[in-house]
Amino acid sequence: MKDVPPAPAPPTGSRHRGGRPPRISREQILRAAERFAPEDLSMSSLAAALGVTHSALYNYFPSRSALLAAITAEAAGRLEIPSPDDRSWQEWLVEAAFAHRSLFMDHLGSLDAVTAKLTAMGAPLLETFTTVLSAAGFTPEQANDAFQLFSACCLGSAVTARRRPHFKGDDASAYHAWLDNFGISEDSPIRAYVPVWIEYDVDRGFQRNIETVIDGLSASLAADRAATPAVR
């Protein structure tokens, strides 16, 4: 009797009738999920893109929230934290702020802001941030407060940058229509903001925001030093 050649293995990412679901790794799931915009990502859409069943995904991630947290954690781990060497704490803070904002912009969906923020706070950036401010003379409490404000500015600017394309341009009617949706009256002083919004540069605005944070931190540090008796 002749040997019968074995049946060919099913293609990766497919499932043959009567067999087990194709094997898939955690890394494959994460890489595929990163190709989705956060607002478009669902367990069903991801399973369809990978050619697997829902259960294959749930073996690694019990929920969409867990998947998003893992994606953002990996992104935070890949964040290139600027070196604090040979620069002032103020210069480092500006560079770190733009890097931190980029993380939010790349991995932020309208429903996932909280997940992104909490995960990013666990990133090595927090450790370097604390080290830089401690070396500058800030107390742990001041450094923690500073990071909260710093993170809020980065997150807020990321949301603004993501929303900006919907209004970009010199057509004031789009902005006025947006205000109309909120019931803002025609004589409201907010209407005077429209020309400013049209010309608004998100990056320059973010730079000014961070510089305002730095001015406040500098004033706080100077006040503490003035209130502390000099050690002789």
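The angles run from 0 to 180 degrees between N-to-C directions, and the axes are lines fitted to C-alpha atoms, for helices over the stretch in contact. The structure described is a predicted model, in which local features need pLDDT of at least 70 and side-chain atom pairs count only at pLDDT 80 or more, while totals for chains, interfaces and linings use all residues. Residues are numbered from 1 along each chain as its sequence is written, and side-chain values use heavy atoms, with hydrogens and water left out.

The chain contains eleven helices and zero strands, where helices (H or I, at least four residues) and strands (E, at least two) are DSSP runs numbered from the N terminus. Of its 232 residues, 35% count as buried; this term stands for a relative accessible area under 20%, whereas exposed stands for over 50% and partly exposed for values in between (1.4 Å probe, protein chains only). Contact is taken to mean heavy atoms within 4.5 Å, and among contacts between residues at least 6 apart in sequence, 66% join residues at least 24 apart.

Helix H8, which spans residues 140–163, packs against several other helices, among them H5, H7 and H11. The axes of H5 and H8 come within 8 Å and cross at roughly 50°, and the two helices are therefore oblique to each other. Their crossing is right-handed, a term used if the near helix is turned clockwise from the far one by less than a right angle, with left-handed used if the turn is anticlockwise. On the H5 side the contact includes Leu-93, His-100 and Arg-101, and on the H8 side it includes Phe-147, Ser-157 and Arg-162. By class, this contact has eleven nonpolar, three polar and two charged residues, where Ala, Val, Leu, Ile, Met, Phe, Trp, Tyr, Cys and Pro count as nonpolar, Asp, Glu, Lys and Arg as charged, and the others, Gly among them, as polar.

The axes of helix H7 (residues 124–136) and H8 come within 10 Å and cross at roughly 130°, so that H7 and H8 are likewise oblique to each other, and their crossing is right-handed. In this contact Leu-125, Leu-126, Phe-129 and Leu-133 of H7 meet Ala-143, Ala-146, Phe-147 and Phe-150 of H8, and the residues divide into eight nonpolar, no polar and no charged.

Residues including Gln-142, Cys-153 and Ser-157 of H8 meet residues including Val-202, Phe-206 and Ser-220 of H11, and the contact divides into ten nonpolar, four polar and one charged.

Ser-157 is buried, with a relative accessible area of 7%, and, leaving aside neighbours within four places in sequence, is in contact with Arg-101, Val-202 and Phe-206. Gln-142, also found in H8, counts as buried at 13% relative accessibility, and, with the neighbours within four places again left aside, is in contact with Gly-137, Ser-220 and Asp-224. The C-alpha atoms of Gln-142 and Leu-217 are 8.4 Å apart in space, while the residues are 75 apart in sequence.

Two loop residues complete the description. Ser-63, in the loop between helix H3 (54–58) and helix H4 (64–78), is partly exposed at a relative accessible area of 28%, and touches Met-43 and Tyr-58, not counting residues up to four places away in sequence. Asp-86, in the loop between H4 and helix H5 (89–106), is exposed, with a relative accessible area of 83%. Most residues other than glycine have a negative phi. Asp-86, although not a glycine, has a positive phi of about 55°.

Terms used. Angles under 35 degrees count as roughly parallel, over 145 as roughly antiparallel, 65 to 115 as roughly perpendicular and the rest as oblique.
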